[in-house]
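Subject: Structure for you to look at, with notes

Dear colleague,

I am handing over the structure below, together with my notes on what was found in it. Please read the notes with the structure open beside them.

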Amino acid sequence: MLKRLSPSSLAHILLLAVVFVWGTTFVLVKDALQDASPLLFNLLRMTLAFIALAIINHRQLRQINRRALIASVIVGVFLAAGYQFQTAGLALTTPAKSAFITGLVVVFVPLFTLVPALRSHNTPKPRWTTAVGALLAFSGLLLLTTPPGTFFQNVFTSIGLGDLLTLCCAIAFAAHLLSLAHTSHQVPTGQLATLQIGAAALIIAFTLPIGGTPHLSPTPRLIIALAVTSLLATAAAFTIQSWAQQHLPPTHTAILLTLEPVFACLTSYLVLHEHLGRRSLLGATLILAGIATTELFSAMTPVPIHPD
């Protein structure tokens, strides 16, 4: 049946599946972090993803040049930082909050492109809607991450450490997407996807001591989480994303992207019975509105989606 679908229809289905997987991984990882330290989990995830991609793209990897290596290391640094901040933050916050804050990456990307040096040749200058989207998202972030009764003078000290780490994750992922925009046209997709994950795995290995003494208990839930995040949410998602976005208009990509925190929130509610209060729900709604405003009304070219 899939063979009868047009490339556009198939791209919608596959990218929706990828976004769904990304949304569910927040709960999977949160649960698995009871059996593994955050940074060690990332190391295992990225190593498995690198092995899978190396097998898939082994022919392209035979023709690696210096440009590909340098580009992959640069992109891999930001990718590793994003995962390290996200997983460390997820251990200290809820899956729903983590997903909504991570979603701010699509607000940070156009904001950063206000700086001409950070804008690639095929990236349009941000429109005024970017500022509106950023204001909505920032307002939602404050409502989502601060307790009721918080006053302006102590609003930033009231944000939890897990939420701050996740915010750093969104900034790192935004830098990752910007670096991809500068390098993706210079390096074959298979090489860049594989080598950046390999570089990220090496960087994570070097930074492993930062997280204290690693611990690991090979339980079924940990094995399932590693399999899903490394093979589906990273290796397969990178491959599907690269193909699907060639057949989708930017507005469709943006709409699908806004569903990631929604899937995460629903999964968190169904699996962990996590409830968001009225204040948090309002904050989550404002963040989604900010993301939608930024992407639906500002995107002129296909928006690259961050891996989770």
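How many residues does the largest nonpolar core have, and which of them have the most contacts inside it? The largest core comprises 49 residues, and those with the most contacts within it are Met46, Leu79, Leu104, Val105 and Ile197. Another core lies apart from it, with twelve residues, including Val18, Val19, Trp22 and Leu256. Please keep in mind throughout that this is a predicted model.

As for the overall fold, the protein chain has eleven helices and zero strands, so that reading from the N terminus gives the order α-α-α-α-α-α-α-α-α-α-α. Of the 308 residues in the protein chain, 50% are buried.

Helix H4, which spans residues 95-102, is mostly covered, with eight of its eight residues buried. The buried residues of H4 are Pro95, Ala96, Lys97, Ser98, Ala99, Phe100, Ile101 and Thr102. Glutamine 86 belongs to helix H3, and because its relative accessible area is 5%, glutamine 86 counts as buried.

Helix H3, which covers residues 66-90, also contains isoleucine 74. Is this residue buried or partly exposed? Isoleucine 74 has a relative accessibility of 43%, and is therefore classed as partly exposed. On the surface, Ile74 takes part in a nonpolar patch with Ile70, Val73, Val77 and Phe78, and together these residues have about 390 Å² of accessible area. The spacing of such positions can be read against the helix geometry: an α-helix has 3.6 residues a turn, so residues three or four places apart point the same way.

The charged pairs deserve a separate paragraph. Searching the whole structure gives two salt bridges, and the residues concerned, Asp31, Asp35 and Arg221, are linked in a network. In one of the bridges, the side chain of aspartate 31 meets that of arginine 221 at 3.4 Å, taken from N to O. This pair connects distant parts of the chain, with aspartate 31 in helix H1 (residues 7-32) and arginine 221 in helix H9, 190 residues apart. In the other bridge, the side chains of aspartate 35 and arginine 221 come together at 2.5 Å, again N to O. Here too distant parts of the chain are linked, as aspartate 35 sits in the loop between H1 and helix H2 (38-56) while arginine 221 is in helix H9, 186 residues away. Side chains of opposite charge can pair when their charged atoms come close.

Isoleucine 224 and valine 29 are separated by 195 residues in sequence, yet the C-alpha to C-alpha distance between them is 9.7 Å. Serine 230 is also in helix H9, and it is buried, because its relative accessible area is 1%. The side chain of serine 230 reaches the backbone oxygen of leucine 226 at 2.5 Å.

Cysteine 169 is in no disulfide, and the nearest cysteine sulfur, that of cysteine 168, lies 8.8 Å away, whereas a disulfide would require the two sulfur atoms to be within 2.5 Å. Cysteine 169 has a relative accessible area of 0% and is therefore buried.

With best wishes

Note on methods: Residues are numbered from 1 along each chain as its sequence is written. This is a predicted model: local features need pLDDT of at least 70, side-chain atom pairs count only at pLDDT 80 or more; totals for chains, interfaces and linings use all residues. Side-chain values use heavy atoms; hydrogens and water are left out. Patches are made of residues with over 30% relative accessible area and no salt bridge: like charges are joined within 9 Å, nonpolar side chains (Val, Leu, Ile, Met, Phe, Trp, Tyr) within 5 Å. Accessible areas come from the Shrake-Rupley method with a 1.4 Å probe; for residues, only the protein chains shown count as cover. A salt bridge is a side-chain nitrogen of Lys or Arg within 4 Å of a carboxyl oxygen of Asp or Glu. Helices (H or I, at least four residues) and strands (E, at least two) are DSSP runs, numbered from the N terminus. Buried means under 20% relative accessible area, exposed over 50%, partly exposed in between (1.4 Å probe, protein chains only). A nonpolar core is a set of buried Ala, Val, Leu, Ile, Met, Phe, Trp, Tyr and Cys residues joined through side-chain atoms within 4.5 Å. A polar contact is a pair of N or O atoms within 3.5 Å; within protein, one must be able to donate a hydrogen and the other to accept it, and residues adjacent in sequence count only if both atoms are side-chain atoms.
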